[in-house]
Structures are given as structure tokens and as C-alpha cells.
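I opened my notebook to record what I looked up in this structure. My entries go sheet first, then loops, then helix pairs.

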Amino acid sequence: MSETVEIRTLTVEDYLDLKESMVSAYADMAGSYWREPTIQRLIKLFPEGQIAVTVNDKVVGCALAIIVDYEKFGDSHTYEQITGYYTFNTHNPKGDTLYGIEVFVHPDYRGKRLARRLYDARKNLCEQLNLQGIVAGGRIPNFEKFSDRMSPREYIEKVQDREIYDPTLTFQFSNDFTVKKILKNYLPNDEASKGFATLLQWFNIYYEKDQDTIRYNKSTVRIGLVQWQMRDYGSLDGFLQQVEYFIDAVSDYGSDFVVFPELFNSPLMKEFNQMDPAGAIRGVAQYTEQLREIFQQHAVAYNVNIISGSMPIVIDEVLYNISYLCRRDGTYEQYIKIHPTPGEVAAWGIKGGSDIKVFDTDCGKIGIQICYDVEFPEPSRILAEQGMQILFVPFMTDTQHAYNRVRFCAQARAVENECYVAIAGCIGNLPKVNNMDLQYAQSCVFTPSDFAFPVTGIKAESTPNTEMVVIADVDLVLLKELHAFGSVQTKKDIRRDLYEVNYKKK
């Protein structure tokens, strides 16, 4: 006969079925079942937290939970303490953690993945309530068979390595729970576990602390890349008119970011063409502060975060290649290129910066690297460790070989750091500007490589060597899911016991 399975909230009327299933599930712990007044109290306190699974309308298992302010208890607690000695006065609707106090399935119905359905329902509840995770004390009922020859820690390690099967702990591991600690005397009467329990934890990857309904981090972020044409704009006003045109156009598409290329203001060097290359670039550097102020104004006026490409700047007589993040709230931050190319050093005397940091925005955490920087994996790894979700790379390359170095390395950074990488470059030529003859570019947005993303790892790309914009949407939630459930998890699986990247901040 076919069976119907349902996951729903537990009701008081379910008690007799619940008792029968629990007595059977805990046959090795005589008398261990919930009394009816206790179940009634739980349902009254937190109805959505008491989840039942039914087969042909009969309750054959359940998952019971409360919400606690976990800091008040810490990791060294007993079952009696966390439940308020079974009064559940520890339940706090404004707490931060879903605490699992019970999960069981009637032995006659095991093997049907009913417990997994209960756990999935509990995880969904945790996400809906925006709690930071699930914590529970887990029995290790097979430990009694091994307690004479190994410690609880050794037993847990062997279960994790699948050398030993434990009906409770093996299941917890398969449901993405991790062991935070070994608890002594958690359930003193649990002879099969010898009084020990595992403190289990599952993290809610969607948790947002202190959610703000006015300023919030978006899930889907729209990026606009400007593939900038190098040409004579006639004057500073003509140049600025083209800048505003692109910001206006990208803003009209509802973009959250607009990205300009590296040294896109090079056409302004024409004014200083009578000078040697080093003098000319220092000459154009005098416009950088003014351009930054204009970008700030446009960011507010057009309601878009602007990555200002990059521009030369002189700080304490030293020449750098600088980029600005101009937020749409009027604030700004800066990033100085760390790795000037040999050509930049030889022709202009550009020096490298030393700051590697992630920037907070209203659309998540971002990083900025300028062209050659992305060809070095270590800075991107440091940014990823700081929580970077999108890496923006303004670039300028003269040949297809040079472009491919940027492109291939940018795509590698997306895969190895499980993030999005957006590159924006210049095209065209400046025949009357020394050292800036030719440009080659194809601007792109790259993704990690897994089922939720394009099979090519390319979200969007421009037509090569054509002045245009690229508009692409990226989903930050997909990154969270990738970090937790990806086919491979490059950030999580780093062999930190063998190697690490250290940032020697100056």
C-alpha cells in the first residue's frame, strides 16, 4: 500500500502517537518519553518550533526546539540547564539560536529519510526566523561498545572518518552539523553514551545580524562595466561630459555599481605631451582630486556606487596609481595599486601601495585590484579571507597577450576565492599621447565554477574593442550556498596545516 508523508507542526491531539513513537525510539532508555503537559507547554510557547512527520496521518517522529540567547549559557551546559529544568522558561523569542531539544523517528519507519525531512524543516525555520544557527546536544549511543578502548574524542574522530558508525552522530555529520565540544554529564542517565554528548552546531549562512529595513545588503547586485574609448575629447569639459554620459546610462539600468577602467583619463595627457612621459603623467595627476570630487557628486546624484577606474596621483612627492570607491551615500575610500608593471616603473616612476582591505557597501563586501594586481593570487586570497564577495579590476592592456594575462588570472581568482570578478578595460588609441599608443580590451564579469553558475564561468562579456557598457546581475546568496554546499569548497578546504598567506601590513 502506498504511503503518504507529511511534515507539519505538532498539535496537542498528536500526543498518543508521539508517545508511542518515542517509547519505541528510546527502547534502550526505559521511561524516556515526554509527558503530555510538557508537550502542551512547548506547543504553547513556540508552536512553529515543534515539527512532526506523519506517515498515513500517523505521527512517527518529531523535532522539538526552543529559541535561546546562547551567550547566557555558553558551551558548557547540561540538558537540564538549557531547558530550564524542563520548564522551558529559557525560551526567548528574541534570542539568536535555535536549540534542538529532541529528534526521533519510530524504528519501524527508519530508512525512509524522515529524519532528514525533519532536519530540513528545522533549518528552513532557522532561516525564516533569521537565527544565526542551530545548536543541539547529540547522543553517541554506540560509544558503549568502544568506551573500554578509546576516549570520546577518538570515537568522534573515527565516526567522522567513517571508520565507526553511530546512528546519531553519523546522521548529524551527514546533515552538515559540526562538533563544537564534548559535553560531560549532559544526560547523566544515558548509559549507552556513558553520559557524554556532542555539542553540535549548524550555521545559518543566510543570517543577517541587526537587519536594517532602510539600509540593507541586497541579494542580487547589478554591475555596469564601462568599456572606455581612448580618443581626443578636446578639453576637460568634453572628457567630463563623456564620464557623466556613461554614469547616467548605467544608472538608468538600475545598476548598483558602475566601473571605469584603469588610467581612463589618459586622454588628458595630451595637454602635457611636450613633456617627457614621467612629467606628463604627473601633469595629468593634478586633475585627480577634482575628478574624485566629481565622481562623489555623480554617485549621489545618480544613486550608484562608482569604481572610478584608476588615475595617477602624487602623494608626498611620490607617484601612485589610485582608484576610488565613491559610494552613493556620498562617502568614499581609496585603493592604491600594489604592483605597478615594469613599464609603469620604467616610464613613469610609479610606486606601489601597501594596503589590502575589503570595502563595505550597501551591496556587500567588495575588493578593488588594478590590472597587474590580479595576476598575483595572494592579495585576492587575503581579500577573500576578509569576506570579499565581488572583486573589481579596472585594467588597461595594449596587446591581446597582455589582456589574456589579466583575463585568465581574473577568472582564476573567481574560482579559487569563490567570488565574482568584474574587469573593465580601455580600447582604442591615443596617437598624440606618448606611451599610450594602443589599447585592447574585452570587459567581463566572471563567476565561480559550479552548477548554480554559467558553465563557462562567464556571466557577461563585451564585444572586444568596441565602446559599450556591460550590464550583469550577480546573486550574492549563490556565493553563500557555494561556500557551504559547493561541489568543491576551495576556501574551506585550504590545508592551513601546510601553508598560509600572511599580510605584512606596513
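Two strands count as paired if DSSP finds at least two bridges between them. I keep in mind that this is a predicted model.

**Entry 1: the sheet**

I started with strand E2 (residues 51-55) and strand E3 (residues 58-68). They pair in the antiparallel sense over five bridges.

Next I followed E3 to E4. Eight bridges join E3 to E4, and the two run antiparallel. Ile-66 has Tyr-99 in E4 as its bridge partner.

Then I went from strand E4 (residues 97-105) to E5. Four bridges join these two, and here the strands run parallel. Tyr-99 turned up again: it stands opposite Val-135 in E5. Gly-100 stands opposite Ala-136 in E5.

I reminded myself of the general rule. Strands of a sheet pair through backbone hydrogen bonds, either parallel or antiparallel.

What is the order of the strands in the open sheet? I read it as E1-E2-E3-E4-E5-E7-E6, seven strands with mixed pairing. Strand E1 (5-9) and strand E6 (178-184) stand at the edges. Each has a single partner strand, so one side of each is left without a neighbour in the sheet. On average, neighbouring strands of this sheet are turned by 25° against each other, direction ignored.

**Entry 2: cover over the strands**

E4 is mostly covered, as eight of its nine residues are buried. In strand E5 (residues 133-138), five of the six residues are buried, so E5 is largely enclosed by the rest of the structure.

I also found a helix that lies across E3 and E4: helix H1 (residues 15-25). H1 runs at about 90° to E3.

I turned to phi angles. In general, most residues other than glycine have a negative phi. I noted two residues that go the other way.

Tyr-85 is not a glycine, yet it has a positive phi of about 55°. I placed Tyr-85 in the loop between helix H3 (79-82) and E4. Is Tyr-85 buried or exposed? The cut-off for exposed is over 50% relative accessible area. Tyr-85 has 52% relative accessibility, so it counts as exposed.

Asn-130 also has a positive phi of about 55°, and it is not a glycine either. Asn-130 is in the loop between helix H4 (114-128) and E5. Buried means under 20%. With a relative accessible area of 18%, Asn-130 is buried.

I found it between strand E16 (390-395) and helix H12 (400-417). At 5% relative accessibility, Thr-397 counts as buried. Which residues is Thr-397 in contact with, leaving aside its neighbours within four places in sequence? I listed Cys-371, Ala-402, Tyr-403, Val-406, Leu-438, Gln-439 and Tyr-440.

**Entry 3: two helix pairs**

Two packed helices are described by the angle between their axes and the distance between the axes. I looked up both values for each pair.

I took helix H7 (residues 236-252) and helix H9 (residues 288-301) to begin. Their axes come within 11 Å and cross at roughly 30°. Angles under 35 degrees count as roughly parallel, so H7 is roughly parallel to H9. H7 passes H9 in a right-handed crossing.

I wrote down the residues that meet. H7 brings Leu-236, Phe-239, Leu-240, Val-243, Glu-244 and Ile-247. H9 brings Gln-290, Leu-291, Ile-294, Phe-295 and His-298. By class, this contact of H7 with H9 has eight nonpolar, two polar and one charged residues.

My other pair was helix H11 (residues 377-385) and H12. They pack at an angle of about 40°, with their axes 10 Å apart. The crossing of H11 and H12 is right-handed.

Which residues of H11 meet H12? They are Pro-377, Ser-380, Arg-381 and Ala-384, and they meet Arg-413, Glu-416 and Asn-417 in H12. I sorted this contact of H11 with H12 by class: two nonpolar, two polar and three charged residues.

Methods
Residues numbered from 1 in each chain as written. Predicted model: local features only at pLDDT ≥ 70, side-chain atom pairs only at ≥ 80, totals over all residues. Heavy atoms only, no water. Axes fitted to C-alpha atoms, helices over the stretch in contact; angles between N-to-C directions. Parallel < 35°, antiparallel > 145°, perpendicular 65-115°, else oblique. Left-handed = near helix turned anticlockwise from the far one by under 90°. Contact = heavy atoms within 4.5 Å. Nonpolar A, V, L, I, M, F, W, Y, C, P; charged D, E, K, R; others polar. Buried < 20%, exposed > 50% of the residue type's maximum accessible area, 1.4 Å probe, protein only.
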